[in-house]
Amino acid sequence: MIPDRLPLHRRLRRAFFPVSPEREIADELRAHIELQTRRYVAEGMSETEARAAARERFGDIERVRAECKDIRDDMETKMERAELRQELRLDVAFTLRTLRRSPLFTTVAVATIALAVGANTAIFSVVNAVLLRSLPYRHADRVEMIWNNYSRTTAAHTAIAIPEYFDLKSQLRAHDMVAAIRTQPSALVGDGGEPERVNAIVVSPNFFELLGASPAIGRTFGGDDGAPSATRVIVLSHALWMRRFGGDPAVIGKTVNLAGLVRTVVGVMPPDVRFPDAPLGFLRERADLWIPTTFENLRADARGNQIAAVVARRSPNVSDARAKADLDAVAAQWRVDYPRRYASENAKEWSLVGVPVRDEMLGAVRRSIVVIAVAVGFVLLIACVNVANLMLARGATRQKELAIRLALGAGRARLIRQLVTESVVLALVGGVIGLLLAWLGVRVLVQLGANELPRIADTSIDATVLLFSLTLSIVTGILVGIVPALQQSSDGTREGLNIRAVGTAGRARGGDRLRLALVAAQVAMALVVLVGAGLLGRTFLALERVRPGFSAHNVLSMQLTVGRPKYDSTYKLVNFYQQLIAKGRTLPGVAQVSAGYPLPMSGDGWSGSYVVNGEPSGPNDPVPHAEYAVTLPGFFQTLRIPLLSGRDFDATDTRDAPLAVIVDELLAKQHWPGQNPIGKELNGDGPGAPWWRVVGVVGHVYRAGPQSEGEPQLYLPYTQNIQTTLSIVARGKGSATALVQPLRTAIRSLDPDLPIARLRPMSDLVSGAMARQRFNATLLGIFAVTSLLLASVGLYGVMAYVVSQRTREIGIRMALGGQPSAIRWGVLRQGIVVSVAGLAIGMLLSLAAAKAISGLLFGVKAVDLPTYLGIGALLLVVALLASYGPARRATRVDPLLALRD
Amino acid sequence: MPTQRSPLLQGTLDLLVLKTLARGPRHGYAIARWIEEATDDALRIEEGSLYPALYRMERRGWIAAAWGKSEIGQRIKIYSLTPQGRAQLRAESAQWSHFTTAVAKIVGQP
């Protein structure tokens with residue numbers, strides 16, 4: 001019982017002043033005037049005179065009345081607040097006392113809430129870091145990425161050629177700034193440290209101004225930066241600055257040797273600026289540094305050489321529609337200017353698209369994160385139901401206490417408030433522990449999703465997260481407490497003093513019905529999470545089953561960038577790689593070794609258009625498009641890409657020899673169905689340029705990942721297509737990692753200054769390409785198992801409780817000769833009815849949920865009957881098991897004991 | 001009616017009310033009367049300002065009110081001193097005598 005410890009006079013005032021403040025004041029003042037009038041009358045005045053004199057003596061009665069009213073109102077509020085504070089203090093103290101008295105209940109409830117709030121907080125902190133925290137660019141809302149788009153139905157975004165960039169720059173009207181971006185993997189040497197490969201992004205000089213990003217120290221680009229004649233400058237990322245230069249501000253003005261060119265550091269960006277902060281098309285990695293260029297040297301490049309990403313900034317207050325119209329106008333202009341490229345049959349779905357930079361960076365992850373957040377929210381609800389049921393069961397044992405308090409005049413609202421206080425205290429304790437769990441969970445999540453979720457590394461428990469988990473705990477507390485509180489406070493008077501009503505056969509009482517309904521809801525929610533996890537799990541398995549067209553088994557990969565000034569001639573470049581391959585072949589443990597670029601599933605990409613000799617290439621004819629790669633001899637053998645006909649590149653494909661190309665089966669089938677492709681000719685340099693002769697046909701490779709087949713592919717010999725960056729691939733006789741040391745030594749012996757990048761087994765690339773699906777499936781799997789456990793515990797608990805409440809009735813039945821099997825069946829049936837009801841609702845919810853996540857699925861339909869039936873059956877079995885224990889216990893009731901009770 | 005009356009010093013009204021109630025519970029009118037009579041009508045309090053003062057003191061918890069009956073049988077609020085009010089009275093009385101002694105020292109000088 002809660003003692004009422006309000007000060008005595010306050011309580012008296014409440015008890016004896018049951019009138020409104022207005023009445024109180026009016027009565028009091030009238031009494032005063034009346035008494036004064038009487039006195040004047042007694043002194044000999046007439047009644048009228050006396051009353052007037054009394055009023056006059058009193059002064060402005062209205063003003064006094066108003067003043068008193070203000071004070072009284074103020075006092076009422078203060079008293080109410082003080083009373084509430086007092087009651088809250090008492091409730092909390094009382095709660096802590098009662099919770100200490102039932103440690104088992106407290107532990108189970110707090111642990112359940114801690115788990116659920118912890119999981120939700122951890123996921124929320126990821127959502128916060130990845131989705132909610134804004135991008136570190138002032139103009140982020142106005143910045144969009146502009147892509148060539150070749151399909152109306154799918155988002156087939158393709159890079160922009162430099163001449164296209166210049167056209168965009170001069171022709172866009174509703175955009176006030178346009179910049180181009182390229183990658184340039186570079187060796188950073190000559191600043192005293194170990195050589196290191198850094199991810200350099202080459203940008204137009206107006207790039208930082210366009211984004212609205214200011215440097216932490218120094219300056220960004222401007223003036224004639226990037227012009228061919230200007231001083232070569234760079235801006236460093238904060239991470240590189242800390243890593244290479246120890247965060248020394250004196251770095252400004254220092255020179256570094258970057259890919260053979262001396263460049264001066266002019267600025268350092270703040271820590272959160274890493275553009276691209278998340279993969280943007282072919283820009284896969286966050287920048288270590290930025291190099292300015294005007295791209296003037298490429299102004300006359302081929303329009304098919306789509307090598308850059310373009311960012312554009314809308315002018316202020318330009319609507320989505322106007323920005324789109326702007327791009328459409330430019331596209332229309334290009335169709336007129338270059339009909340063969342943009343107006344042909346093949347390009348009939350071509351358009352220029354602008355995607356807000358935020359959507360571009362986060363669009364792909366948003367949906368999966370939302371799914372995960374919803375799933376974890378369901379886990380919380382299921383946990384809430386368990387705790388609510390615990391409170392209900394516990395409340396039943398406290399009915400007498402509540403009834404007495406109701407009888408003694410405690411208001412129902414007051415009782416509800418106290419019961420809810422109890423659950424909120426529980427939830428807050430659980431929330432604090434949950435926060436600790438979340439802190440641990442966040443580390444696990446960052447590990448799990450490190451490569452795949454942009455900005456996840458920035459995940460931390462900050463003020464927003466704290467506020468979230470506090471709010472969540474309080475809401476949880478109220479949710480958990482309100483239903484039992486409402487129920488108990490109304491039951492209290494009826495049943496509490498009456499000790500216990502005897503349950504009637506087969507029919508659930510009000511409280512039981514509520515409990516059973518809650519459990520049915522629990523089963524429904526668990527089903528939704530399980531179905532979601534099942535579908536995403538099957539997606540992951542389907543992706544793993546995709547045959548990507550190559551074998552990563554025992555293959556080690558690494559990337560080298562061999563540049564100027566050391567390698568300033570084609571001969572030196574080719575020579576280096578040929579020597580390396582030759583040396584690699586002799587290494588013990590190496591079966592095959594070769595090189596190429598880009599590697600499948602590495603995230604790197606290269607694609608372009610081409611023309612076929614003999615196929616019409618007029619203004620209205622199609623311009624076919626393919627994925628390109630350069631390779632050294634032995635590439636296909638090393639990766640086990642089948643050579644279907646013809647030959648691999650070899651030593652005869654020299655610079656002076658006829659230009660050679662190897663195509664994949666898709667390209668061959670597309671252009672020469674039923675014919676021998678060997679000897680056919682095509683090229684990617686446009687009509688009039690020398691033809692490339694097809695020397696071989698190989699199998700198709702899933703280059704971007706198992707999700708999509710990709711475009712037809714063509715391979716060029718490295719010797720005829722020199723570039724500085726190549727990936728080395730080596731197949732070991734044993735495990736790939738055994739090759740790391742010998743290969744490293746071999747490279748060092750050829751060039752000790754050469755940094756080795758992306759050194760990893762090829763199988764990591766393949767699994768990396770499915771990292772997001774694995775992340776989704778893993779998390780949802782964890783939540784599904786948790787939901788299943790929570791729901792079965794909930795069902796078990798409620799069935800056990802229902803049985804314990806019916807002990808008397810069951811005892812009587814047994815005494816009257818009731819069959820144990822019938823009694824067992826009666827209990828079991830109740831469990832089944834509840835579960836089936838839950839399953840039915842859950843199936844409907846699952847269908848809706850599955851439709852919503854269909855975009856994340858691969859190789860499995862949203863309405864996948866086996867998944868639904870399998871999971872439904874699983875849940876039903878678990879529900880049966882959970883009800884069977886209590887059912888069996890019911891038949892063990894000793895009739896005598898039950899009746900005596 | 002008396003013609004010679006001193007205006008009340010700021011803040012002294014509270015002290016007078018507390019002192020009055022120290023002699024026993026009274027209603028508002030009786031408090032006003034008693035102050036006048038005890039000072040031989042030398043101090044006449046503004047009756048209008050008495051009530052806000054009473055309400056303020058009640059808010060501060062110095063005095064408590066309860067319904068009672070007046071001499072002529074009306075329902076009327078009777079004020080009484082709370083323990084808090086008693087403490088306040090002691091503090092204010094001490095302050096008052098300190099103040100008057102100090103003033104008297106100056107005023108009493110020739």
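How are α1(B) and α3(B) oriented to each other: roughly parallel or roughly perpendicular? They are roughly perpendicular, a class that takes angles of 65 to 115 degrees, while angles under 35 count as roughly parallel, over 145 as roughly antiparallel and the rest as oblique.

This is a predicted model, in which local features need pLDDT of at least 70, side-chain atom pairs count only at pLDDT 80 or more, and totals for chains, interfaces and linings use all residues. Residues are numbered from 1 along each chain as its sequence is written, chains are lettered from A and ligands numbered from 1 in the order in which they are written, and side-chain values use heavy atoms, with hydrogens and water left out.

**Helix packing**

The table lists two helix pairs. Helices (H or I, at least four residues) and strands (E, at least two) are DSSP runs, numbered from the N terminus. Axes are lines fitted to C-alpha atoms, for helices over the stretch in contact, and angles run from 0 to 180 degrees between N-to-C directions.

| Helix pair | Angle | Axis distance |
|---|---|---|
| α1(B) (residues 12–22) and α3(B) (residues 47–59) | about 75° | 10 Å |
| α4(A) (residues 61–101) and α5(A) (residues 103–132) | roughly 105° | within 5 Å |

α4(A) is likewise roughly perpendicular to α5(A).

In chain B, L13(B), D14(B), V17(B) and L18(B) of α1(B) touch S49(B), L50(B), A53(B), L54(B) and M57(B) of α3(B). Contact means heavy atoms within 4.5 Å. This contact has seven nonpolar, one polar and one charged residues. Here Ala, Val, Leu, Ile, Met, Phe, Trp, Tyr, Cys and Pro count as nonpolar, Asp, Glu, Lys and Arg as charged, and the others, Gly among them, as polar.

In chain A, L99(A), R100(A) and R101(A) of α4(A) meet P103(A), F105(A) and T106(A) of α5(A). That contact divides into three nonpolar, one polar and two charged residues.

**Salt bridges**

Over all chains, the structure holds 44 salt bridges (a side-chain nitrogen of Lys or Arg within 4 Å of a carboxyl oxygen of Asp or Glu). One of them pairs E28(A) with K77(B) at 3.4 Å, N to O. This pair crosses between chains, from helix α2 (residues 21–42) of chain A to strand β3 (residues 75–81) of chain B.

**Backbone geometry**

Most residues other than glycine have a negative phi, and most peptide bonds are trans. F275(A) and P276(A) are joined by a cis peptide bond, with omega about 0°. P276(A) lies in the loop between β9 (261–268) and β10 (289–292) of chain A. Another cis bond links Y597(A) and P598(A), with omega about -5°. N317(A), a residue other than glycine, has a positive phi near 65°. N317(A) sits in the loop between β11 (306–314) and α9 (320–337) of chain A.
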